[in-house]
Structures are given as structure tokens and as C-alpha cells.
Amino acid sequence: MNHLKLNQTQIQAVVDQLTSQPDGVNRLLEIAMNSLMKAERNAYLEAALKGNKANGYRSVSGYGVGDSLSLQIPRDRLGGFKPTLLKVMKDQADSLNELCFELYAKGLTTRDIKSITETIYGQHLSKSQISRITSSLSEAMQAFRERPLAEYYPIIYLDATFVKTRRERVSSEAYYIALAVLADMTREVIGIYNAPTESASVWNEICIDLKNRGLKQSDLFVIDNLTGLDSTLETHFKAPIQKCILHLKRSILNKTKKQHRPEMVSDLSDIFQLENRDDTKDALLKRAKAISIKWQRYYPHLKRLEDADWLSYYATYLSFEYDIRNMIYTTNWIERLNKAFKRTLKIRNSMPSVESVLTLLSKVAIDMNSSTYRHPVSRFQKSHLFK
């Protein structure tokens, strides 16, 4: 395009003509950016050493509004000229990478991301380009999962969530989560693991990993009744264990006939008197035995409520201050985290690989660590664990 000296009226006429066209804004941006870079090269050459001069242009694509821009980058013979706009374009590319990073972390597929970036920026990203971006996300999330841990966490919650994952076929696989309360009363996800099914050997590997990354001590583990978890924890750590009372109640009620459920709900609440400040472990065990005897002719499996060793795992909370009991008798905090996981994963019917699930769960965990979990839980101030 010939660069002519135009007056204000002529310039306005050109702008009006361009912006009236469907892609007019982008064409106007092209003219402005190309002119700026050419003017910057002229100024550079005027101040440069003798012997240097203009050396044509190289074509590149930039990000426009719903379309790409065709830009002409001016060159000089000695190769020293770099337009200021190149940095702006690099920043744009970095921002686009971050956008792809975030979209993938929110559960969108590479096809979804390709469509969105093309619609917004007019920039066609190939599947391999997006895959490279998501691979860098995967590497960053793996580093998060393998990061060193503190030696001590007052409380650690452990639970599992299940996600439909493709290996040779699609099936629900277990993903194990470790959520810790730190000495400053904030929370942090410290572990995310995968195994196709629950087993004691899986928990053994998880405990070994936590120790290898630095964990030496905790004052309490809060867990669900997951296969082999209690015995494995006792092998690796000398800390009391609280099993989730809500999961126990749910399990009992699921096996209770409909006509008995209202009374069973009342009896279970009588066993676990969570609002009773003066309750004791011995009193809880006595109440459990009485209710076991009451229901055994209908539900023989409830005889287990008379097993003091087994039920003691559900009464550990009574050894702690009343003010924190409602935060340690259940794994509800991980349940809420699992809901955040599900919101990200629900966009897809199933995940294409274990690594993709671990990547997305890790990104959600990082976001939670930097938002909700960074605020101290003030009620813990009333516990000896945080003195």
C-alpha cells in the first residue's frame, strides 16, 4: 500500500470505509501496526551505523478480533532491528497459551479449545500445537504432585473419588486424595494418586510416597472406611485415626428397610451425640451395644457395633476439644473438594487417560490451595494441636 500524506478528513474517510466492512477493524489494525513498525525501522536506521539499511519484510500472523492479522515485520541488512510490537505479539502468544492451559484445565477437549481460539482470535491452532500446550500443563501438574512436603501436618484427611477413565476400555477408577491442615490452620492438597481399584497395597504405596516427599508426623488422620487404610496408616505413622461417622451412618441406612429408617436415624444420632459436649468414648460404646442388641434380629450385621476395637475408630473425635469435633468426625472437606473435581470433569463423559484425570484434578487442587484453602480455619485456635 502506498503511504500518502493524508489530511484529517481523508483519514476519517479511510477509517469509515474500513470499519464498515465485516473485517474492517482487523484491516485497520494491520495498517496501523505495519505503519508503526516501518516508522520505527526508519528511526532505527537514521540512528544506526553507516552501512545498514532496510532489507524488506517478513510475513507473520498476529491475533485480531475474530480473525488473524497479516503483518509485515520490517528487516534491516545487519539483522539488529527488532520492532517493539514483536514483544506485544509474544505477550499475546503467551496469553493464548495460558488461555488454552486454563480451558483444558476446566475440562474442555482439544477440539473445543481449537474452536474457541479460532472464533475469538481468528488464530488456527493445530491439534499438535494444543497438545504441546496441554503437555506443558501435564508436566507442571506432575511437578505439583511430586513436590516436597513439610515434615509435620496436624491433621490429614484421606479419601477416594471415582472417575470414568479409558484404558483398554472405560471403567470407574479410584483417585486418592490427601488433604492436610497446616500448622497455620490453612489447608492444602498434598497428594493425588490413581489406582484402578481400592486395596491395602495402594495405600501402602501412597504412605511411602508421602514419607519419601518429607512427611514424618501427623496428630490425626481422618479417613473413610477404605480397604486396608487403617492398618496401613498404623504401620507407617504413630497417629490416631478417626473414621468418617457420616459414611458409617450412610452405610447402615442403605441396608435398612424403609419402614425402619426413621427410627434407625434417631438411634444412630443417639450413639453419636455430636452436640453433647460432655460425651465420652465409654458412654458411646455402651449406647452402641444397646442399639446393636435392639436391631440384631432384623440386621445381624449390626452386631459389629458391639466390637469396641472396631467402633473406637469412629469415636476418636471425643479425645479432642469440643470446638473442633465437628471438623474431624467426617471427611466432608474432601467430599466438597470432590464436588469441585466433578464440576470440572462433568464436561466429558469419560476421560481419555489416567494422566489427563490427574492433570485436571491437580489443577483444581492448585486453584483451591490458592483460594479457599489459604484462609485459616479460626476455630482450630481452640485446639491444643495449634498452640
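This is a predicted model: local features need pLDDT of at least 70, side-chain atom pairs count only at pLDDT 80 or more; totals for chains, interfaces and linings use all residues.
View 1. Residues are numbered from 1 along each chain as its sequence is written, and side-chain values use heavy atoms, with hydrogens and water left out. The 13 lining residues include Leu248, Ser251, Ile252, Lys255 and Trp310, which lie nearest the pocket centre. Helix H8 (residues 245-254) is the top contributor, giving four residues to the lining. The pocket holds about 240 Å³ of space. A pocket here is an open set of points on a 1 Å grid over the protein atoms alone, where a 1.4 Å probe fits, with protein on both sides within 12 Å along at least five of seven lines; lining residues have an atom within 4 Å of a point. Points are joined across faces, edges and corners, and the volume is the space filled by probe spheres set on them.

**View 2. Phe272 sits in the largest nonpolar core, a set of 66 residues.** A nonpolar core is a set of buried Ala, Val, Leu, Ile, Met, Phe, Trp, Tyr and Cys residues joined through side-chain atoms within 4.5 Å; buried means under 20% relative accessible area, exposed over 50%, and partly exposed in between (1.4 Å probe, protein chains only). Ile155, Phe272 and Phe380 have the most contacts inside this core. Its largest share, eight residues, comes from helix H14 (residues 354-370). Then there's a second, separate core of 28 residues, with Leu149, Ile156, Ala180 and Leu229 among them. Who touches Phe272, leaving aside neighbours within four places in sequence? Ile245, Leu248, Lys249, Leu284, Leu311, Tyr314 and Tyr317 do, where contact means heavy atoms within 4.5 Å.

**View 3. Strand E3 (residues 152-166) pairs with both E4 and E6.** Helices (H or I, at least four residues) and strands (E, at least two) are DSSP runs, numbered from the N terminus, and two strands pair if DSSP finds at least two bridges between them. E3 is largely enclosed by the rest of the structure, because 11 of its 15 residues are buried. With strand E6 (residues 217-223), E3 runs parallel over six bridges, and Tyr153 stands opposite Ser218 there. With E4, the pairing is antiparallel over 12 bridges; Ile156 has Ala180 as its bridge partner. Three residues separate E3 and E4 in their hairpin.

**View 4. Strands E4 (residues 170-181) and E5 are antiparallel, joined by eight bridges.** E5 (residues 187-195) is mostly covered, with seven of its nine residues buried. The E4-E5 hairpin has five residues between its strands.

**View 5. Met185 lies in the loop between E4 and E5.** Its phi is near 75°, a positive value in a residue other than glycine. Is Met185 buried or exposed? Met185 counts as buried because its relative accessibility is 12%.
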